[in-house]
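Me: Could you take me through the pocket and the charged pairs of the model shown here, one question at a time?

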Amino acid sequence: MSRGGGKGLSLKDKLDGNELDLSLCDLNEVPVRELAALPKATILDLSCNNLISLPSDFCSLMHLVKLDLSKNRLQQLPLDFGRLVNLQHLDLLNNRLVTLPVSFAQLKNLKWLDLKDNPLDPVLAKVAGDCLDEKQCKQAAVKVLQHMKAIQSEQDRQRQRKLQAEREMEKKREAEQRAKEAQERELRKREKAEEKERRRREYDAQKAAKQEMEKKTKKETVQTRKPASSSRPPQPPRHKPSWSRSVLRVLLFMLFCILCTLAACKLTELQRQPLCVSVNTLYEDVVAALQNHKTLQNMLQHNSQQ
C-alpha cells in the first residue's frame with residue numbers, strides 16, 4: 001500500500017502484534033478489505049491522514065477495540081458506526097465533525113473518547129467536555145453515550161409517535177371507508193326496497209285492473225243470459241214492431257191519398273175528368289156494396305132474435 005491509498009505495501013508489514021499503525025501514510029481512503037483480512041489487528045491507528053469520510057463497510061471491522069482517527073478531515077461518521085460494538089477507545093481529535101450518528105449509542109463497551117478540536121454542536125460539545133486528561137476522556141465516553149442514548153430514545157419515541165399517528169390515520173381511513181361502504185350498502189338497499197315497492201304497486205294495480213275487467217265481463221255475461229232464463233214469455237223481436245208501424249204508416253198514407261183523391265173528384269171541377277169518373281164510379285160501387293152488406297147483417301140479426 002502506497003501513499004494516497006495506492007497499492008504496493010502489505011499491511012502485514014505494518015502489523016505489530018495486535019496493533020496496526022497506518023498513521024502518517026497520507027491516506028485519503030481506508031483499505032477496508034485488507035483490514036478485514038487481519039482480524040488480529042484490534043488496535044488501528046489511522047491518525048494524521050487525509051481521510052474525509054469512512055466507507056460504509058468500515059463498520060464491518062467489528063474486531064476493532066481501539067481506533068485512532070485523530071487529525072484527519074472527517075466531516076461525518078457512517079450512520080451504522082454503532083456496529084463497532086467491541087470498540088473501547090476512540091480518538092476523534094482535530095477533525096471536522098459537527099454531530100455523531102445516533103447509532104453511536106450502541107457502543108456499549110466504549111470507555112474512552114476524545115472529541116476536542118471539532119466544530120461540534122454546542123449541546124454535544126458541552127456534553128463531551130474538554131478531555132484534557134484520562135479521567136475527563138473517560139467521563140466524555142460515558143456522557144456522550146448517555147446523550148446519544150437519549151437522542152436515540154427520543155427518535156425512537158418520535159418514530160413510535162409517527163407510526164402510531166400513521167396507524168391511527170390508517171384506522172381513520174379504514175373507518176371512513178367502512179362508513180362509506182356501509183352508506184353505499186344502505187343506499188343500494190333502500191333503492192332496492194323502493195324498486196321492489198314500485199314493482200309491487202304495479203303488480204297490485206295490474207291485478208286490480210284485471211279483477212275489474214273480469215267483474216265487468218261477468219256482469220255483462222249475466223245481463224246477457226238473464227232474459228233467456230226469465231219465466232216471462234219471449235218478446236217479439238224488436239224489428240217486427242218497427243215493420244208493422246211502417247206498414248201502418250203506408251196504409252194510412254194510401255188512405256189519406258184515396259180520401260184526397262175522392263175529395264178532389266167530388267168537390268172540384270176535376271170530377272168530369274176520366275180518372276175522377278172512374279174513381280167516383282168505384283166509390284159508389286163500394287158504398288153500395290157496404291150498404292148491401294149492412295142490410296144483410298140487419299136481416300141476419302133480426303132472424304137470430306126471432
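The questions and answers below concern a predicted model.

Me: Which element gives the largest share of the lining of the second largest pocket?

Reply: The second largest pocket has a volume of about 150 Å³, and the residues of its lining divide into seven nonpolar, no polar and no charged. Two elements, α4 (239-267) and α5 (274-305), each give two or more residues to this lining. The largest share, five residues, comes from α5.

Me: How far apart are the closest N and O atoms of glutamate 195 and arginine 198?

Reply: Side chains of opposite charge can pair when their charged atoms come close. Glutamate 195 and arginine 198 both lie in helix α3 (residues 134-229), three residues apart, which is about one turn of the helix. They form a salt bridge, and the closest N and O atoms are apart by 2.4 Å.

Me: Which residues are joined into one network with Asp204 by salt bridges that share partners?

Reply: Aspartate 204 forms a salt bridge with arginine 200, with 2.8 Å between the closest N and O atoms, and both lie in helix α3, four residues apart. Through shared partners, salt bridges join Asp204 into one network with Glu197, Arg200 and Arg201.

Conventions
Residues are numbered from 1 along each chain as its sequence is written. This is a predicted model: local features need pLDDT of at least 70, side-chain atom pairs count only at pLDDT 80 or more; totals for chains, interfaces and linings use all residues. Side-chain values use heavy atoms; hydrogens and water are left out. On a 1 Å grid over the protein atoms alone, a cavity is a set of points where a 1.4 Å probe fits but cannot get out, and a pocket is an open set with protein on both sides within 12 Å along at least five of seven lines; lining residues have an atom within 4 Å of a point. Grid points are joined across faces, edges and corners, and a volume is the space filled by probe spheres set on the points. Ala, Val, Leu, Ile, Met, Phe, Trp, Tyr, Cys and Pro count as nonpolar, Asp, Glu, Lys and Arg as charged, and the others, Gly among them, as polar. A salt bridge is a side-chain nitrogen of Lys or Arg within 4 Å of a carboxyl oxygen of Asp or Glu.
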